[in-house]
Amino acid sequence: GMFAARAPSGGLRAILSRVRPRAGDGGTHPIILAAKGARKMQRDSLMRRNDIREDQEPGEAARGFCRRCGSTHRLERSQRAESEAKGLVERIRAAGRLDFDAAVPDPRFAVERMYEQGGGKMLGVLLAASPSGVPCGEGDGDDVVVIKAFSGQLYGEWTVQGWAPPLCGLTHDHPHYEKEHARIKARVDAAGEIKLAVEELEREIKVRTKRWDDDIKAAASRLREERERRRATRAALRDAGDAAAEVVEEELAEESRRGKRELARLREGRSADVGDIEAALVTARREMKELRDEHRSMSHVLLGQIFDSYRLPNFREDGGFGHRHSEGRVAEAADDFSGGMSGATLQEAFVSDEHQEISNAVANLPCGCGDCCAPKLLAEASRRGLVPLSIAEVWMGVPTTKEGYRQEGSFYGACRGRCRPILGHMLCGADKLRLIDPSADAIELC
């Protein structure tokens with residue numbers, strides 16, 4: 001090339017010598033690995049920001065691929081939906097609380113909570129109408145109904161008056177959840193107590209072992225000195241040719257045997273003194289592991305039951321549209337914690353890849369799937385027999401950088417990881433029920 005390669009010099013060589021792996025290290029230097037990790041985090045963060053920026057476009061407000069019909073369904077963000085979302089924020093500020101529909105305010109839902117560290121929330125509104133165009137009695141004169149939702153829990157509560165309910169039937173206040181959680185907690189607490197006992201046993205073993213080892217070390221050192229003295233005595237006797245050498249040799253041999261017996265007794269004493277505690281330690285560790293395995297297994301089962309209790313309706317006749325409960329009745333199965341709510345399960349609705357074929361493969365469901373605003377809003381509209389017209393999600397409260405930057409007052413699309421894989425199913429059938437062409441600008445007039 002134009003410039004000859006030059007070896008680094010001076011301070012640069014010194015820096016590189018610290019970060020470059022030495023010959024024979026057989027691996028990459030930790031500093032280089034850390035730098036690579038930091039660069040990967042920066043790339044991932046940039047990609048998330050770019051994704052969020054793209055999804056802020058009105059046409060990307062909510063969309064997803066439906067495996068059943070093989071189509072991608074969309075719900076756009078309209079100017080009116082944005083206006084309703086801003087109005088919701090202003091109403092919360094004016095009321096000073098998020099539970100403004102309740103007659104008695106709950107201090108947990110005070111607006112100040114949204115401006116504490118980590119207190120910001122995504123809020124969503126959905127504009128909906130009856131499919132036949134007949135006034136549904138819930139609008140403001142133009143037959144448009146506004147449904148509102150918050151993402152996840154609202155400071156520890158899933159259900160708050162006036163807001164769309166969760167899709168999950170097995171929430172933290174369900175009797176089965178409370179019972180299983182108590183059982184899991186009992187095992188966690190028991191394992192914690194045993195862990196303290198294990199630590200105490202380990203300390204006691206360490207103290208006793210050190211005491212015995214010190215005694216054994218001192219005895220061994222003394223016996224080595226005596227052995228050297230005996231060797232010197234034997235050498236002197238051989239040189240002198242003393243007739244009594246045989247008697248002295250027997251005395252020296254007996255002294256050697258006494259020293260070995262003394263050392264053996266000390267080692268046996270250590271084994272006896274420490275052995276019982278070591279056996280107790282083995283038992284305690286086994287019990288702690290069994291309790292941990294139990295609570296992990298129970299937690300895994302409970303998490304599976306929670307996921308199985310989600311019900312995701314859509315806008316098809318056979319998808320739960322217009323029905324709060326499946327076939328109009330509450331489920332009676334002992335292992336069904338959905339409360340008989342209408343709709344598909346998360347596994348049935350989840351599509352991680354738009355090109356995924358219909359299969360019986362179990363999807364790796366992300367935590368929080370189905371808990372965001374868009375799924376709650378669509379489910380509530382479907383069960384009330386309303387057709388979604390447009391949607392808007394706005395951030396309120398302190399900004400967050402978790403899973404991408406969120407700033408107060410900005411509008412965002414439904415998240416790609418937890419929402420988009422199920423929104424295709426949930427939006428299925430809505431296009432056919434709309435009184436207007438979903439691709440037309442007339443949606444602004446609703």
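**Group meeting: cores, a buried helix and some cysteines**

Okay, the protein exposes about 25700 Å², and carbon and sulfur atoms supply 52% of that; the areas come from the Shrake-Rupley method with a 1.4 Å probe, where for residues only the protein chains shown count as cover. Before I go on: this is a predicted model, where local features need pLDDT of at least 70 and side-chain atom pairs count only at pLDDT 80 or more, while totals for chains, interfaces and linings use all residues. Residues are numbered from 1 along each chain as its sequence is written, and side-chain values use heavy atoms, with hydrogens and water left out.

So, the overview. Of the 446 residues, 38% count as buried, meaning under 20% relative accessible area, with exposed being over 50% and partly exposed in between. There are nine helices and six strands; those are DSSP runs, H or I of at least four residues for helices and E of at least two for strands, numbered from the N terminus.

Now the cores. A nonpolar core here is a set of buried Ala, Val, Leu, Ile, Met, Phe, Trp, Tyr and Cys residues joined through side-chain atoms within 4.5 Å. The largest has 50 residues, and L126, I147, L312, L346, L378, I391 and I422 touch the most other members. Elements supplying at least two residues each include β3 (121-129), β4 (145-150), α4 (175-240) and α5 (245-308). Which helix gives the most to this core? That's α7, with six residues. There's also a second, separate core of 25 residues, and V89, V125, F150 and F411 are among its members.

Take L312 as an example. Skipping neighbours within four places in sequence, L312 is in contact with L167, S342, G343, A344, L346, A349, I422, H425 and M426, contact being heavy atoms within 4.5 Å.

Back to α7, residues 373-383. Eleven of its eleven residues are buried, so α7 is largely enclosed by the rest of the structure.

Searching the whole structure turns up zero disulfides, a disulfide being a pair of cysteine sulfur atoms within 2.5 Å. For C367, the nearest cysteine sulfur is that of C369, 9.7 Å away, and C367 counts as exposed at 68% relative accessibility. For C373, the nearest is that of C372, 7.0 Å away, but C373 counts as buried, at 0%.

Note on methods
Buried < 20%, exposed > 50% of the residue type's maximum accessible area, 1.4 Å probe, protein only.
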